[in-house]
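Colleague: I am new to this one and would like to learn how to read it. Could we go through a few residues together?

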Amino acid sequence: MLLSVADFIRVSKASAYRIVRDVSSAIAALYNRYIYLHSNTELDFYAIERFPRVLGTLDGTHIRIQSPCSQIGEEFRNRRGCFSLNIPAVCNANLQFMNVVARWLGSAHDEYEQILVITL
């Protein structure tokens with residue numbers, strides 16, 4: 001992924017790494033200011049199977065769509081050859097959605113779902 005980012009913004013892979021690291025650190029520094037965690041979520045998950053420090057469950061699915069247009073359609077083609085949106089979601093212990101992101105192109109790798117993961 002770093003090589004793709006480096007090529008896209010026309011810098012070396014090492015520079016892309018430093019940019020991603022610095023921006024990620026800056027975002028992480030704002031964690032307490034902008035991210036609110038429900039206090040009972042961790043306890044709810046622990047009560048189910050005694051698995052500690054779980055704040056949410058993460059998974060995603062591809063939702064099939066028609067090709068949006070001939071110019072950018074291939075960006076929506078997933079690894080199985082269908083046009084789709086890659087939609088990750090986070091649920092709490094009561095199976096309620098806490099976060100859904102419906103903007104990733106079908107060609108986006110599932111590793112992007114990890115952006116939603118919040119750890120203690």
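Colleague: Thanks! Is Arg53 buried or exposed?

Modeller: Before that, a word on the source: this is a predicted model, where local features need pLDDT of at least 70, side-chain atom pairs count only at pLDDT 80 or more, and totals for chains, interfaces and linings use all residues. Residues are numbered from 1 along each chain as its sequence is written, and side-chain values use heavy atoms, leaving out hydrogens and water. Now, buried means under 20% relative accessible area, exposed over 50%, and partly exposed in between, with a 1.4 Å probe and protein chains only. Arg53 has a relative accessible area of 52%, so Arg53 is exposed.

Colleague: Where is Arg53 placed?

Modeller: Helices (H or I, at least four residues) and strands (E, at least two) are DSSP runs, numbered from the N terminus. Arg53 sits in the loop between H4 and E1. Arg50 lies in that loop too, between helix H4 (41-49) and strand E1 (57-64).

Colleague: What is the phi of Arg50?

Modeller: Phi of Arg50 is near 55°, a positive value in a residue that is not glycine. Arg53, also not a glycine, has a positive phi of about 60°. Arg50 counts as exposed because its relative accessibility is 61%.

Colleague: And which residues does Asn78 touch?

Modeller: Contact means heavy atoms within 4.5 Å. Not counting residues up to four places away in sequence, Asn78 touches His62, Ser84, Gly106 and Ser107. Asn78 is in the loop between E1 and strand E2 (84-91), and with a relative accessible area of 12%, Asn78 is buried.
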